[in-house]
Amino acid sequence: MGSSDWMAWTVFVLGGIVILAIDISRTRPIFKYPDDSLLQPFRPFMIKLINYIGYALGVVGFAVPSLNPVVIRSKALSEAGLSDEPKESKSYEKGLNMLSQCLEDSKLTMLGRLVAQGMLTQSLKNRFLVDDFHSKNPKCSEQKVKPPLIIVGMARTGTTFLHGLLSQDPQYRVPCHWEYCNIPKPGQDDVYLRKKAKDDLENYKKIIPNFSAFHHVGFETPEECCVIFQQDMLSESFSGTLNCSIFTRWMMDQDLSSVTRHHERVLQYYQFKDMKFAHENNNRYENKQWVLKTPNFLIMLPEILKQYPDAQIVWTHRNPSDVLKSLLGLIVKMTGAVTDDVDPYRIAKEQRVTLAMALAKAMDNRAKLEDKGHSKQFFDVRFDELCKDPMEMVKKIYRHFDKKLSTKAKEQMETYLKNNKRFKHGKGIFDLEGTFKVTKKDMELGPYVAYRERFSV
């Protein structure tokens, strides 16, 4: 055995001793749920091993993989097949820099850092590809986006259900998960994109078993616009997925006009592709109205109407206590996959305050917009009424915005309702005080009281 071999074995043995000396309990979730709880973080041997290796590397000063903005940008450009970023892409930098700082304080495990790096890289790659497509196809930016119908509201207020229901109407264009999550490089067709989206989703659900009990997502189901917002690095989905609620609170103090500007460019991109596909197949292209949704819209009402002055806004409402019963379970479930610091009481306190801030901002902005003559562009939907009679609520929405509900749309919506019963995939709802130590008194913050009174929930 040569000297180099002895050196390698010495390093290996010493490294093993260092690793064994580390308290492996530090790589376990800090909170223990009952074994049958849906909230219990999933930690099979391979995930434990990955996280243990990451912890050991962290002890000696190596936080891997890197979440440095320079590294993320470089990886995104490489995966996009570009040598430099398009000039239109610069607006993402502020969000990425802040997000990188927040994530370094999020106590992510090694698996969590892998998820974060992949999420950021994929989002930025999509951004570069959209902007590159615009620069190479100038007519893309000439696409006229009709005033969209936008569903806003707190998470867990029926926005996903209503989005899926309205998507059954052929008069609308609704984005799907597989197309929103992956912008293709030249040579990648829809078959490839569908398969990639399906595989990515299945892999994500492998590290979060029973995820569908909290939030059902399929690769062909309607997707929300937080995925587009990720391309500008200003999306609440980063907070909920990656254990950094402070990022959302920071976002509330930012001008989000760059998000809605890029949002329209993405819609133009899809319209241009739809038009091209129709022409190539000798079909008539129809510029349909988009139906969009994401709870992120709630904190950017002025930016929405600045970008889309005639947008039609459907605001869903539910008692904030009931929202948190469902929302907290979802956030604990997601963050439990990426960090061991998954304290439900801390998360509950953070989300209770963040949600109150979002409601206060949304109500204040709406009042100002109504004073400017935008009141008829809003329609309010209460969650209990939507659940009790969905079709009646659809009819009310259509009457308010002077839309026609065709026989075909009505039949397809009724079929959708039969096939998508509530709690079909499980019930991720928990006792607010028993599980998260949130009392009735805690829910008497000013914004919650004002919200319940104003919208009768």
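Begin by selecting T248: apart from its neighbours within four places in sequence, this residue is in contact with E236, S239 and T354. The model on display is a predicted one. T248 belongs to helix α11, which spans residues 246–251. Is T248 buried or exposed? With a relative accessible area of 6%, T248 is buried, because buried means under 20% relative accessible area.

Next, display the strands. Five of them form an open sheet, and their order is β2-β3-β1-β4-β5, with parallel pairing. The edges of the sheet are β2 (172–173) and β5, each of which pairs on one side only.

As a general point, strands of a sheet pair through backbone hydrogen bonds, either parallel or antiparallel. For one example in this sheet, select β1 (residues 149–153) together with β3 (residues 289–293): they pair in the parallel sense over three bridges. Within this pair, I151 stands opposite K293 in β3.

Proceed to helix α20, residues 446–455. Which residues of α20 are buried? They are Y448, Y451, R452 and F455. These residues lie on the same side of α20, because they cover an arc of only 95 degrees around the axis. To see what covers them, select elements including β4 (312–317), α14 (320–335), α15 (344–371) and β5 (378–382).

Finish with S456, the residue that follows α20. The phi of S456 is positive, near 55 degrees.

Methods:
Residues numbered from 1 in each chain as written. Predicted model: local features only at pLDDT ≥ 70, side-chain atom pairs only at ≥ 80, totals over all residues. Heavy atoms only, no water. Buried < 20%, exposed > 50% of the residue type's maximum accessible area, 1.4 Å probe, protein only. Helix = DSSP H or I, 4+ residues; strand = E, 2+ residues; numbered from the N terminus. Arc of directions from axis to C-beta. Contact = heavy atoms within 4.5 Å. Pairing = 2+ DSSP bridges.
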